[in-house]
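Here is a structure to walk through step by step. Keep the 3D view open and find each part as it is named.

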Amino acid sequence: MKTGWRNFILLGAAGVAVLALIDPTFAQGAAAAPAAAAPKAPDLVINKADDGWMMVSSLLVLMMTVPGLALFYGGMVRTKNMLSTLTQVLAIQCIVCVVWFLWEYSLAFTEGSGFTSPFIGGMSRLFMAGIDPKAPAATFSVGVGLDELVYVCFQMTFCAITTALAIGGFAERMKFSAIVLFAVLWSTIVYCPIAHSVWFNPGPNDLALNNAAALARSGYGFQLGALDFAGGTVVHINAGIAGFVGALLLGRRIGFGREPMPPHSLTLTMVGASLLWVGWFGFNAGSNLEANAGAVLAMANTFVATAAAGVSWMLVEWLFKGKPSLLGLASGVVAGLVAVTPASGYAGPMGALVLGLVAGAVCFFFCTAVKSAFGYDDTLDVFGVHAIGGFVGAIGTGIVAAPIYGGAGVVDYTKCVVKDGIITSDCPLGDYDMMAQVIVQAKNAFITIGWSAVGSLIVYMIIALIVGLRVSEDAEREGLDISEHGERAYNM
Amino acid sequence: MKMVMAIIKPFKLEDVRKALDDIGIEGLTVTEVKGYGRQKGHTEIYRGAEYEVNFVPKLKIEVAVAPGSVDKVIEAIAEVAKTGQIGDGKIFVTPIDQAVRIRTGEVGTAAL
């Protein structure tokens, strides 16, 4: 029966072959696990409400600079320098907007190459090349996109206001030509790398798909895990340190400490502070990049922290100086806005409230006691309000973001729910280690301080070589309105 | 002719104007000035920077007066400008060498 056995074996082999074709695991044995198909990221879908909200936010931040900051600063200088302050702020807004669209957006928000890529972006968006309505920009949600051009506009307003904030440290004595050069050089050399470091990342889709590879392409501060929702470090510490270094470099105003130099119009300062507060909702809530619960949280925090800081400064000043002042109240409000900036999307309302109370008091202390003790002429208190307020906010964010304190925590994109092989936007919060986060916050803050200090110094030195920094003594006495612009703020 | 110059508290302007009007004075000049005498200033604080403000806002009223009316004018001003508090002001009288009405060319007392 040789033929029978051969047929049986052939039939058996055919059967095995058929089974192997049907079920790939058959040949390997039952113990081997099936190879899972890798999950895919969903296409980025643009929501009209998100686009709309981001357009409005961009306008709100523009308003913060012009006329918000312009009036806030302008009211605090002497009459003879009012026009020059307004002109400097408006000029910076215009110049920065131009260079942003030319090269700065690419520098800050595209992927770089080589060892500088954690700080310096690439050239893929130079002159706005490659913007494609079919290729949306990422937000904080998997599968949600924005029209990239609105992201460009939004981020531009941040760069502009940061640059404009810095000049407050050396108000009433800097040449206008120096301001123009500062607008170009500082925003490029100092602002863009820090913005890239803290904020640039390939987006939630990539972070969910391949977290390690996505992080490796991100900015340095982002890789550290630093939390800076709307720019406590990128904007406020950055501008505060730059202004402080400039104030020290240029020296005190003529007559500082001897001649009275009270603000010429606290009326306008209050108007400016109010516009800043209203506009700041675009700054903070707009940094959520979507019109959803995150934006609403940032809005609520921007109300309560700001108000608390105003109350806090007012009460502390009342206690220590005898009378509560409008300048103090307005300054407290701004200090609160500064401090809540990095925390706005992470804190719970009570955490934001406490942050505001602390910031108001701490900034009051730095703007009065510390400033008087050291005697530096930080004219419009960029250090006391923005650097210190930003620092308090940056560290405070590490604390108030903790879920145990009502904070929103941090999303873990590696654990997003996968459905039908596609990653969904249902991503859980990661474990929150408050101490570790506070250390990361401090690291990022100090990196910012270091980069801003050194970078700003280099920028000032370049400007000093080209046009010089400070106006002549005669020009300073006459007032920058006449000496730099040939105009008067008021012809009454 | 005499120039009567009075430094008064700003809120007294309307009272003084009316009092002078009641005694027949038909014109005066007002200037906003700052000054101090025994009324000391105050301290202003702007974000930690303290300023001693020694000057207090006042108004200077100047009236050109015909000879013989000076005492009447002084009395009218002093009576309404007085509050009894420090800082009420002072009145000075200086001689006028010449006066001219620009529209008509009248000189002397006729110009007043």
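Predicted model: local features only at pLDDT ≥ 70, side-chain atom pairs only at ≥ 80, totals over all residues.

Start with chain B. Its secondary structure comes to two helices and six strands.

What are the dimensions of chain B? Along its principal axes, the C-alpha trace spans about 60 × 30 × 20 Å. A compact globule of 112 residues would have a radius of gyration near 13 Å. Chain B has 17 Å. Burial is another thing to check. Of the 112 residues in chain B, 17% are buried. Take the contacts in chain B with a separation of 6 or more. Residues 24 or more positions apart account for 70% of them.

Next, pick out one strand of chain B. Strand β2 covers residues 29-35. Is this strand covered or in the open? Of its seven residues, the number buried is zero, so β2(B) lies largely in the open. It does have a partner. β2(B) pairs with strand β5 (residues 56-65) of chain B. The two run in the antiparallel sense, and seven bridges join them. To find the pairing on screen, look for B:K34, which stands opposite B:P57 in β5(B).

Now move to a helix of chain B. Helix α2 covers residues 70-81, and B:I74 sits in it. Is B:I74 buried, exposed or partly exposed? A residue needs 20 or more C-beta neighbours within 10 Å to be buried, and 12 or fewer to be exposed. B:I74 has 17 inside 10 Å, so it counts as partly exposed. Which residues does B:I74 contact, leaving aside neighbours within four places in sequence? They are B:V4 and B:I91. Compare that with B:G41. B:I74 and B:G41 are 33 residues apart in sequence, and their C-alpha atoms are 27 Å apart in space.

Turn to chain A. Chain A holds 17 helices and five strands. Its C-alpha atoms fill a box of roughly 125 × 45 × 40 Å, taken along the principal axes. Of its 492 residues, 54% count as buried. Look again at contacts with a separation of 6 or more, this time in chain A. Here, residues 24 or more positions apart account for 78%.

Helix α2 of chain A runs over residues 48-76 and has 29 residues. From first C-alpha to last, α2(A) reaches 41 Å, close to the 42 Å expected at 1.5 Å a residue. Find A:G68 in this helix, because α2(A) bends there by about 40°. The other helix is α10 of chain A, residues 266-285. At 1.5 Å a residue, its 20 residues should span 28 Å. The end C-alpha atoms are 28 Å apart, which agrees. α10(A) also has a kink, of about 35°, centred on A:G279. This helix is mostly covered, with 14 of its 20 residues buried.

Chain A has an open sheet too. Three strands form it, in the order β1-β3-β2, and the pairing is mixed. Why do β1 (45-46) and β2 (137-138) of chain A stand at the edges? Each has a single partner strand, so one side of each is left without a neighbour in the sheet. β1(A) pairs with strand β3 (residues 144-146) of chain A in the parallel sense, over two bridges. One bridge to find is that of A:V45, whose partner in β3(A) is A:V144.

Finally, see where the chains meet. The contact takes 13 residues from chain A and six residues from chain B. On the side of chain B, strand β3 (residues 42-46) gives the most, with three residues. By class, that side has three nonpolar, one polar and two charged residues.

One residue of chain A links to this meeting place. A:G328 lies in helix α12 (residues 326-340) of chain A. With 26 C-beta neighbours inside 10 Å, A:G328 counts as buried. Not counting residues up to four places away in sequence, A:G328 touches A:W313, A:M314, A:E317 and B:R47. A:M461 is another matter. It is 133 residues from A:G328 along the chain, and their C-alpha atoms are separated by 34 Å.

Methods. Residues numbered from 1 in each chain as written. Chains lettered and ligands numbered in written order. Helix = DSSP H or I, 4+ residues; strand = E, 2+ residues; numbered from the N terminus. Expected span 1.5 Å × (residues − 1). Bend = angle between axes of the 7 residues up to and from the residue. Contact = placed C-beta atoms within 7 Å. Nonpolar A, V, L, I, M, F, W, Y, C, P; charged D, E, K, R; others polar. Rg over C-alpha atoms; globule rule 2.2 N^0.38 Å. Pairing = 2+ DSSP bridges.
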